[in-house]
Amino acid sequence: MLLSLHVKNFALIEEAEISFGDGLNILTGETGAGKSLLIDAVNAALGGRLRGNVIRSGSPYAYTELVFSVTKDKQKKLQDIDVSTEYDCVVISRKILPGRSIHKINDETVTSAKVRQVTSLLLDIHGQHEHQSLLHRENHLSVLDAFGGKPAAAARAKTAKAYSDWQAASRRLKEFESDPEARRRQMDFLDFE
């Protein structure tokens, strides 16, 4: 879960700190209030491409930082890709300098590809005309399973067992069934005997 966003010298933002609560968080406001700048700052920290010069006028750099709390399940996945989750948190930051950027995960310098790999496990931004994980078929079942919780997992396991049993019975039935020609030959042979 995203706990906080810290932005400094990013476009028009001198400095801002936003804390997020449990569940769904929605940014609303008047046109020009800065919602898009905050989303751009989040995307920048997530390893996204920068649109134009985002360093605030008169500043030597721009900085954006995200702090995530991670569940035990996510900790295991992060450890599998060599990311430390020592305090049940992950801090992802990006310092944007003229001509280059420095990405860090828990104060360790990493590539933007590594940041994207890690953040794909932690956050999904849904905005107008933007990438949405719900559009990818390979994510549909995991979203439904997560929504259904333990009752859905139990029903899924029961259904998988029933399907496996049905497949085994179907294979066994086919062993007993043979094509009509083979059956006719078998009957002729038995009549002869």
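The sections below start with the basis of the values.

## Basis

This is a predicted model, in which local features need pLDDT of at least 70 and side-chain atom pairs count only at pLDDT 80 or more, while totals for chains, interfaces and linings use all residues. Residues are numbered from 1 along each chain as its sequence is written, and side-chain values use heavy atoms, without hydrogens and water.

## Sheet

Six strands form an open sheet in the order β2-β1-β3-β4-β5-β6, with antiparallel pairing. Strands are DSSP runs of E with at least two residues, and helices are runs of H or I with at least four, numbered from the N terminus; two strands pair if DSSP finds at least two bridges between them.

Strand β1 (residues 2–10) runs antiparallel to β2 and is joined to it by six bridges. Within this pair, valine 7 is opposite alanine 16 of β2.

Beyond its neighbours within four places in sequence, valine 118 contacts (heavy atoms within 4.5 Å) Leu78, Ile81, Val83, Ile92 and Ile105.

## Loop between β5 and β6

Asparagine 106 lies in the loop between β5 (100–105) and β6, and has a positive phi near 50°. Aspartate 107 is in the loop between β5 and β6, with a positive phi of about 65°. Most residues other than glycine have a negative phi.
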